[in-house]
Amino acid sequence: MMGPMAREETRTMTPPTVRSPAAHDAGKPGGAFTRAWTTRLLVLGIVLSALNLRPAITSLGALLEEVRDGLGMSGSVAGLLTSVPPLCFAVFGVMAPRLARRFGAGTVVCAGMAAIATGLLVRPYAGGTAGFLAGSALALMGIAVSNVLMPVIVKHWFPDRVGSMTGLYSMALALGTALAAAVTVPLTATLGGSWQTGLALWSGLAVAAVLPWLPFARGRVTPPGAGEKAAEAATRTQGSAPASTEHARVAAPRLRMSRSRTAWALAVFFGLQATAAYITMGWMAQIFRDAGVPAGTAGLLLAVTMVMGVPLAFVIPRLATRLPHQGPIVLALGVCGLAGYAGLYLAPAAGAWAWAVLLGVANCAFPLALTMVGMRARTGPGVAQLSAFAQSTGYLISIPGPLLVGVLYQHSGGWGVPIALMSALMIPQMVVGFLAGRDRTVEDEAAR
């Protein structure tokens, strides 16, 4: 992990907070074992959390026709349903940094996983469209805060491994996305054909994700690497009393992200790639089904699109941290997206597997955007503020897209106009992504 990436990553920050009890553990014989155990537990928590950040959406996409029939939804209402994720991410994501400062990031993520489990279990049986939307909103609230805090957790606890850890959780996120798309339909058939059961079963995965975060939520473990830094701080301040608070605060400037061109470019890039991603997750299986592809195969095609993110989500962040400018990666992903949309328009069934692969590559703009969040700020607090600004603003931008696709589909009677809209949105995504990829930081542009 050394070399060019290390040089790029280590210049960014010192972890913003440390737990004072680590100073006492640093010299103990079992300290190294404790830190290794903590690291493994934290990595497990990150991976399990990432696995839960999309099944609520892609499992619904795979069964959208059955849900529409079961709840009596029109195409426009279904479009509204596919717009709920970015709305919730925008509304609740902006609260994540404040909640993390008050309760700790581990506590917030733990609560987020519990909210996902509860929402996924409740929504199929809530009765009616309103109850389904309410259960979805609860699950998406948990996803929203976890979305924002993942880059912060990585930057805080793994400051010298931002690229590799971002790649790891992005890969797990893509795996969870693909898994839900691929197996929801066959599992539903195996369990009796009830779409309620097919959607509710994903709550079990969220329950598993709660467990690794419980020690962090209780404050009983110390972030990896904090022990050494706390010990160094104790050595520099000999004779000082141990801190009584859970975290030792480090002063950091409050940034006005609205003043930063880089922050705005990253937010718009995030919003446009999220628009493409949620249109894909919500509607692509239906596009294939309307072209004559069987429901099970359509779910597999959506899974192929999502699973492309598994290897690429690990490769792209590592590559991005080695480049001074991430714009060329943005352009390459955009070209793949345009080619995939052209294929969906011209021959959706004949070349279905190729279009699924190309759109899967294009969707890897998401891990790239997350990586750039970590690279466009020098400090942990800066990353937290940029992550909240870029994701919340970006998800607000993405809200109309899936809804508009549903309206256009219903009123045009086909997929030609919606696919043309998707293609048109890819152009500004490439432009702002190129601008966001420039080698600069928001602290230089947004400090008060």
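Buried here means under 20% relative accessible area, exposed over 50% and partly exposed in between, with a 1.4 Å probe and protein chains only. Helices (H or I, at least four residues) and strands (E, at least two) are DSSP runs, numbered from the N terminus. The model is predicted, so local features need pLDDT of at least 70 and side-chain atom pairs count only at pLDDT 80 or more, while totals for chains, interfaces and linings use all residues. Residues are numbered from 1 along each chain as its sequence is written, and side-chain values use heavy atoms, with hydrogens and water left out.

**View 1. Helix 19 and its buried residues.** Start with helix 19, residues 352-362, where A352, W355, A356, L359, G360, V361 and A362 are buried. These buried residues pack against helix 15, helix 16, helix 17, helix 18 (327-346) and helix 20, a contact being heavy atoms within 4.5 Å. For context, the protein chain has 24 helices and zero strands, and buried residues make up 56% of its 448 residues.

**View 2. The largest cavity.** Its volume is about 240 Å³. On a 1 Å grid over the protein atoms alone, a cavity is a set of points where a 1.4 Å probe fits but cannot get out, and lining residues have an atom within 4 Å of a point. Grid points are joined across faces, edges and corners, and a volume is the space filled by probe spheres set on the points. Of the 20 lining residues of the largest cavity, L173, T177, M306, N363 and F366 are the closest to its centre. Helix 10 (162-190), helix 15 (261-290), helix 16 (295-307), helix 17 (309-322) and helix 20 (365-375) each supply at least two residues of this lining; helix 15 gives the most, with five.

View 3. Now look at helix 24 (residues 443-446), where E443 lies. E443 is buried yet has no salt bridge, and the nearest side chain of opposite charge, R378, is 4.8 Å away. A salt bridge would need a side-chain nitrogen of Lys or Arg within 4 Å of a carboxyl oxygen of Asp or Glu. The backbone nitrogen of R378, however, lies 3.0 Å from a polar atom of the E443 side chain.

**View 4. R440 in its loop.** You will find R440 in the loop between helix 23 (416-436) and helix 24. R440 counts as partly exposed because its relative accessibility is 34%. Not counting residues up to four places away in sequence, R440 touches T262, M375, R376 and E445.

Key. Lys, Arg positive; Asp, Glu negative; His and termini not counted. Polar contact = N/O pair within 3.5 Å; in protein donor to acceptor, adjacent residues only side chain to side chain. 1 Å grid on protein atoms, 1.4 Å probe; cavity = no way out; pocket = protein on both sides within 12 Å on 5 of 7 lines; lining within 4 Å.
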